[in-house]
Amino acid sequence: MLSIIPAALFLVMLVAIAVVDLRRRKIYNWEIGVLVVIWLVWATFVIVPEVSQGAGFIGAASVPFPITGVSMVESLMAALLFGGGSLMLTLVFEFLSGRFAFGGGDIKLLFACGLFLGIEGEAIALLIACATCALCGVVVSRMRRQPAKDDSGGEQAKVSSAVKGGGASLSISLPFGPFISIGCIVSLMLLLF
């Protein structure tokens, strides 16, 4: 029953991170630090009994965590794969395009979530995050294209667009942290049931 506490704290922190990122467009290092500490405490409570029963550290590191069924080894691999992978993709994209791609907080959040969800869970979370962010981006861009009434009763465009080559371009920027949080919450629920 005590193993539900780290999962619940993980969910609470994801919601807090999403709210802060929506309001301030920033994911703070201390938020990621809290997630890592929660995971480390959880890992300690799983590994210490296994080691004391003679499993050894390597054997204990392969024991699945209660609730998620993900081992410490898989957790660390997922954190490095998704945190490190997103860092590398971001660096390459920004170098080649010269445009900002992905915030450092998002990269660190993917690392921390990998600790809890493992490879499969984090892959599902990232897929859900990308899909919901894309859907939200389409909805927001369509809403911004709708003309709004100004005070004089005439139509006024809600979005400023730069004219390039005869066509208008619409650019919006959404914080990705809330979408990562949504993906992780859904993925954790899938791991639970």
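In the predicted model, the lining of the largest pocket draws on two helical segments, helix 4 (72-97) and helix 5 (104-145), each of which supplies at least two residues. Helix 5 makes the greatest contribution to this lining, with seven residues. The volume of the largest pocket is about 670 Å³. Its lining comprises 24 residues, of which Phe 100, Ala 101, Phe 102, Ser 173 and Leu 174 are the closest to the pocket centre. Classified by side-chain type, the lining of the largest pocket contains 13 nonpolar residues, together with six polar and five charged ones.

A nonpolar patch is present on the surface, formed by Ile 4, Ile 5 and Leu 9. Together, these three residues account for about 240 Å² of accessible area. Ile 4 belongs to helix 1, which spans residues 4-24. The relative accessibility of Ile 4 is 38%, and this residue is therefore classed as partly exposed, since the partly exposed class lies between the limits of 20% for buried and 50% for exposed residues.

With regard to the overall fold, the protein contains six helices and four strands. Along the sequence, these elements are arranged in the order α-α-α-α-α-β-β-β-β-α. The protein has 193 residues, 35% of which count as buried.

Conventions. Residues are numbered from 1 along each chain as its sequence is written. This is a predicted model: local features need pLDDT of at least 70, side-chain atom pairs count only at pLDDT 80 or more; totals for chains, interfaces and linings use all residues. Side-chain values use heavy atoms; hydrogens and water are left out. On a 1 Å grid over the protein atoms alone, a cavity is a set of points where a 1.4 Å probe fits but cannot get out, and a pocket is an open set with protein on both sides within 12 Å along at least five of seven lines; lining residues have an atom within 4 Å of a point. Grid points are joined across faces, edges and corners, and a volume is the space filled by probe spheres set on the points. Ala, Val, Leu, Ile, Met, Phe, Trp, Tyr, Cys and Pro count as nonpolar, Asp, Glu, Lys and Arg as charged, and the others, Gly among them, as polar. Patches are made of residues with over 30% relative accessible area and no salt bridge: like charges are joined within 9 Å, nonpolar side chains (Val, Leu, Ile, Met, Phe, Trp, Tyr) within 5 Å. Accessible areas come from the Shrake-Rupley method with a 1.4 Å probe; for residues, only the protein chains shown count as cover. A salt bridge is a side-chain nitrogen of Lys or Arg within 4 Å of a carboxyl oxygen of Asp or Glu. Buried means under 20% relative accessible area, exposed over 50%, partly exposed in between (1.4 Å probe, protein chains only).
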